[in-house]
Amino acid sequence: MYVFICENSLEGILTGVYDACASRLGHRNIRLYTGELHNYELFTEYISVTPSEKKAKKVIDTLISRFGRQFYESIYQAAMSGETHSVDKMDKADAIYETILLALASGDGQKVLLSLGEPCVYRIFELCRSTNREACRHLEFLRFSELENGVLFAEIHPKAYVLPYISEHFTDRLPQENFMIYDATHQVVSVHKASKGFILITASELDVDNIKRHSEQESEYRKLWLTFFDHIAIDARRNPKLQKQLMPKRYWADTPELARFL
């Protein structure tokens, strides 16, 4: 058995798919794995995969040209999921690899995605659902704050890499605003200039001091919002358990009204 160890990213996983297919070691003899291994198996050779933009792009072009953009979107969403390897579930890299093999064998990517009886396809379905749920929650819970320079700024801590989805949504909703969304988990920042599209940059280029300075108007509006939030609450109907179900505690730090209770 050969195990290709991939970086936990779209580029890393698709490079692993490319290397596995090019190795000619036999698909049944290959597994893909993301992250660091903690347990090693006997009679197994472990191969480290170095992410390659060129190889990943070749895989992407092949998937889109042969099976359509919808098939690739499913692979993309699965790769962006925040879920990592677990004992009782197939690794997402291996699920992506096997699903692609099924599509190549059948020639019909859409039909393969409907074959939920296949463990790898069902795993892709689970991962896509997880990514979509994460994106929807951040669209609901994200809070912008106005900085001194007039730029709207928001910080998020998602498990999945949903920043591109969120950025596309707010680019459509706030086309005339300058805004930034900082993904602290993946250390990536989305920057949108008014009337333009958004770009993604690494967090190392973020001015940490600047994002901490709110405008005077922002401070006043924040006070008003907190006052409103407190006054509309009905003491007799407080239900902290239900509140945590509807808005998990890991989102609280990014919302002014609930960060106070952490």
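A: First the term: on a 1 Å grid over the protein atoms alone, a cavity is a set of points where a 1.4 Å probe fits but cannot get out, and a pocket is an open set with protein on both sides within 12 Å along at least five of seven lines; lining residues have an atom within 4 Å of a point. Grid points are joined across faces, edges and corners, and a volume is the space filled by probe spheres set on the points. The model is a predicted one, in which local features need pLDDT of at least 70 and side-chain atom pairs count only at pLDDT 80 or more, while totals for chains, interfaces and linings use all residues. Residues are numbered from 1 along each chain as its sequence is written, and side-chain values use heavy atoms, with hydrogens and water left out.

Q: OK, how many cavities of 30 Å³ or more are there?

A: One. The largest cavity holds about 40 Å³ of space.

Q: What lines the largest cavity?

A: H138, F141, L142, E155, I156, Y251 and D254. Helix α6 (119-141) and strand β5 (152-156) are the elements that give two or more residues to this lining. Helices (H or I, at least four residues) and strands (E, at least two) are DSSP runs, numbered from the N terminus.

Q: And by class, what is in the lining of the largest cavity?

A: Four nonpolar, one polar and two charged residues. Here Ala, Val, Leu, Ile, Met, Phe, Trp, Tyr, Cys and Pro count as nonpolar, Asp, Glu, Lys and Arg as charged, and the others, Gly among them, as polar.

Q: Now the open space. What volume has the largest pocket?

A: About 570 Å³. Its lining has 17 residues, and F229, A233, R238, N239 and Q243 lie nearest the centre. The elements giving two or more residues are α9 (216-232), α10 (240-246) and α11 (256-259).

Q: Which of them gives the most?

A: α10, with four residues. By class, the pocket lining has eleven nonpolar, two polar and four charged residues.

Q: Switching to the strands. What order do the five strands of the open sheet take?

A: The order is β4-β5-β6-β7-β8, with mixed pairing. Two strands pair if DSSP finds at least two bridges between them. β4 (145-146) and β8 (198-202) are at the edges with a single partner strand each, so one side of each has no neighbour in the sheet.

Q: How do β7 and β8 run?

A: Antiparallel, with five bridges joining β7 (residues 188-192) to β8. One of the bridge pairs is H192 with F198 in β8.

Q: What about β1 and β2, parallel or antiparallel?

A: Parallel, with five bridges between β1 (residues 2-6) and β2. I5 stands opposite Y33 in β2. From β1 the chain crosses through helix α1 (residues 10-23) to β2, in a right-handed β-α-β crossover. Right-handed means that, with the strands pointing away from the viewer, the path from the first strand over the helix to the second runs clockwise.

Q: Is M80 buried or exposed?

A: Buried, because its relative accessible area is 6%; the cut-offs are under 20% for buried, over 50% for exposed and partly exposed in between (1.4 Å probe, protein chains only). M80 lies in helix α3 (residues 69-80).

Q: What does M80 touch, leaving aside neighbours within four places in sequence?

A: L10, T131, A160 and Y161 are in contact with M80, where contact means heavy atoms within 4.5 Å.
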